[in-house]
Amino acid sequence: MVNDVKAVTPGSSGHSAGSTPDTQPVKSAERTIHILETLAASPTRMSLGELQEACKYPRSSLHALLRTLKELRWIEADESGSRYGIGTHALLTGTSYLDKDSVVGRAAAVLEALRSDVRHTVHFARRDEDHVIYLASRGSKLEVRRMHRVGRKLPTHVTALGQALLAELTTDEVTRLLPKTLERYTDNTIVDRDALIAELAEVRRRGWSLEQEQGTVGVVCIATVVPYRIPATDALSVSMPAEVASYPGELERIAGVLTTHADAWARELRAEGVR
């Protein structure tokens, strides 16, 4: 692996004035993580040139890091050896997180019960800064469509899960967290931060979020937080076809069932000392 850390000369701490060893990132480690996150976010394998364009690293350093990651099986190359994707060891590390997290381990039973009551696809996710990460899902037995896979990361503003979790923050916190102009996914996506902040006020008043084809055309989602932490970091959602959401009283019925399950689960978690 290329060593990108500056050599420490005798009598020097190796750090600039005003900095401490504990606050300075190690450049090679930072670059390695950035490469892995870039590959994980890409829907397809990426070439060296595409990675260089995305990461902005010198070609020689990038090539050396890719070679090391490939040897350690954190990434894989295709048959031509020219396009890269996440490898098995990255999968093992992610699976270990799911196995050891005390809340995720309890999510399966909650999702099964929720799906049984609403008969639609259900998700459990956690906020990671301005994104949400899907940690568990159960697909509807009535709907044949692709659901979000475990580990998928989406911006908070395009998901009901994310909007429910953003509503836990103050307006100042949301303003600092999100850019003024947000990425558009569909014609219904809220791309103005002020408009999103107004929507979050409605989420707080209502107790649940409603996302209508903002992230995916033809799909409507309802979400609410699992309030065992303050502010909440986790949320549950129900996803359904837009046609189903138009049935009289259906959204309110599902929202009631969803919030009942989320509140009951939060009480169980708090009673067991989970924080």
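How much space lies in the largest pocket? About 1,500 Å³. Keep in mind that this is a predicted model.

Let me stay with that pocket. Its lining counts 36 residues, and the closest to its centre are Ala-40, Ile-133, Gly-151, Arg-152 and Lys-153. Which elements each supply at least two lining residues? Two helices do, α1 (27-41) and α4 (88-100). So do three strands: β4 (121-128), β5 (131-138) and β6 (153-155). Nonpolar residues number 19 in the lining. Eight are polar and nine are charged.

Next, the chain as a whole. We have 275 residues, and 42% of them count as buried. The fold has 10 helices and nine strands. Look at the contacts with a separation of 6 or more: 55% of them join residues 24 or more positions apart.

Last, one sheet. Strands of a sheet pair through backbone hydrogen bonds, either parallel or antiparallel. In this one, three strands run in the order β1-β3-β2, the sheet is open, and the pairing is antiparallel. Zoom in on β2 and β3, residues 83-86. Three bridges link this antiparallel pair. One to find on your screen: Ile-75, whose bridge partner in β3 is Ile-86.

Note on methods: Residues are numbered from 1 along each chain as its sequence is written. This is a predicted model: local features need pLDDT of at least 70, side-chain atom pairs count only at pLDDT 80 or more; totals for chains, interfaces and linings use all residues. Side-chain values use heavy atoms; hydrogens and water are left out. Helices (H or I, at least four residues) and strands (E, at least two) are DSSP runs, numbered from the N terminus. Buried means under 20% relative accessible area, exposed over 50%, partly exposed in between (1.4 Å probe, protein chains only). Contact means heavy atoms within 4.5 Å. On a 1 Å grid over the protein atoms alone, a cavity is a set of points where a 1.4 Å probe fits but cannot get out, and a pocket is an open set with protein on both sides within 12 Å along at least five of seven lines; lining residues have an atom within 4 Å of a point. Grid points are joined across faces, edges and corners, and a volume is the space filled by probe spheres set on the points. Ala, Val, Leu, Ile, Met, Phe, Trp, Tyr, Cys and Pro count as nonpolar, Asp, Glu, Lys and Arg as charged, and the others, Gly among them, as polar. Two strands pair if DSSP finds at least two bridges between them.
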